Protein chains: 2
Amino acid sequence: MTRWKPDAQGRLMKAAIELFDEQGYEATTVAEIAERAGLTKRTFFRHFSDKREVLFSGSEELQRLWLEGVAAAPADATPLAVVVAGLDPVTEMFAQRHAFARIRAAIIEANPELQERELIKLQTLSDALAAALVARGVSANAAILAAQAGVTVFHVAFAHWVAQDDPRAFRRLIDASLGELRSVTAA
Amino acid sequence: MTRWKPDAQGRLMKAAIELFDEQGYEATTVAEIAERAGLTKRTFFRHFSDKREVLFSGSEELQRLWLEGVAAAPADATPLAVVVAGLDPVTEMFAQRHAFARIRAAIIEANPELQERELIKLQTLSDALAAALVARGVSANAAILAAQAGVTVFHVAFAHWVAQDDPRAFRRLIDASLGELRSVTAA
């Protein structure tokens, strides 16, 4: 009986981030990642199109969870409150990924091309959130403004979350960032 | 006596946008742009690194004018009010460029690679505005949130401005967009 090997994708991500941390992102090859995970290059390419995608594969899950959270938000909440309430399932996901997120953030910070990709992913996320708000009956303008504001709140909170040590601090940092946005936008 | 030819850059921009409008952005060559402007390719490349830069050369002027506006804003204004007040000099520039902006917006809308470049330029603008707010004594967090919110207000107003016919409507659309942002972010 062959041993069942659970979650090849998870093992590849763990191996990749260890290697990126030990020897740098640029210096790490797909062959090394596969070897560290005890898998083949072929298996790697079944899960990721390239090395860069290891860093960005979480974006789809983030978007999926955030949209689930938006769908579950109270019907009478204001548009930005809906977007921020939508972060509840994301908070759970993030609590499990703090170590990965910190190493990932340092890699992206050091690489302008990865920063551009991150920016594009955040815009895709904002567009998806705006479409979800429109589907809830919010006007197009209000939806775009609330989605962008929500992504900004997220982005600022995320930067603080990776800069500190508590994996479970994300929700608190989101609330702080939201309060600060409300304070700077007040008339 | 040779005839003095003013503003080669302005003529190249005008020629380029005419050709983009007539025959499409992709189909237009630098040689055609230079010929239409009555200039050489060599002169084109003294002003622009490539065809794409004709579309983005206004970004630096936008940023310069916006930062001038921020520097001139009242000392006691709230951070977002400073960013929005900073758009006064931009409003003047835009009133002269409505026809160019409309054609440019349609080209960018149709081209994902140009959309990515526009997104990166907007992020550069946001970073510069945040730095200007920090220089005015605003905290780093509040500066990032206010700058991003200001760029979002700008972006939404800009989309409406190019979708309608009045070149001088920009300030009114900014005020409407700001009011709407305040409404969606309210607790």
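How do the residues of the lining of the largest pocket divide into nonpolar, polar and charged? In this predicted model, 24 are nonpolar, 12 are polar and eight are charged.

**View 1. The largest pocket and its centre.** The volume of the largest pocket is about 1,200 Å³. Its lining comprises 44 residues, of which B:Ile108, B:Glu118, B:Leu122, B:His155 and B:Phe158 are the closest to the centre.

**View 2. Helices around the largest pocket.** On the side of chain A, α8 (112–135) and α9 (140–163) each supply at least two residues of the lining. Chain B contributes at least two residues from each of α4 (51–71), α6 (88–95), α7 (98–109), α8 (112–135) and α9 (140–162). With nine residues, α8(B) provides the largest share of this lining.

**View 3. The second largest pocket.** This pocket has a volume of about 780 Å³. It is lined by 27 residues, and those closest to its centre are A:Glu109, A:Gln115, A:Glu118, A:His155 and B:Gln123. Two or more lining residues come from each of α7 (98–109), α8 and α9 of chain A, and from each of α8 and α9 of chain B. By class, the lining of the second largest pocket holds 14 nonpolar, eight polar and five charged residues.

Methods:
Residues numbered from 1 in each chain as written. Chains lettered and ligands numbered in written order. Predicted model: local features only at pLDDT ≥ 70, side-chain atom pairs only at ≥ 80, totals over all residues. Heavy atoms only, no water. 1 Å grid on protein atoms, 1.4 Å probe; cavity = no way out; pocket = protein on both sides within 12 Å on 5 of 7 lines; lining within 4 Å. Points joined across faces, edges and corners; volume = space filled by probe spheres on them. Helix = DSSP H or I, 4+ residues; strand = E, 2+ residues; numbered from the N terminus. Nonpolar A, V, L, I, M, F, W, Y, C, P; charged D, E, K, R; others polar.
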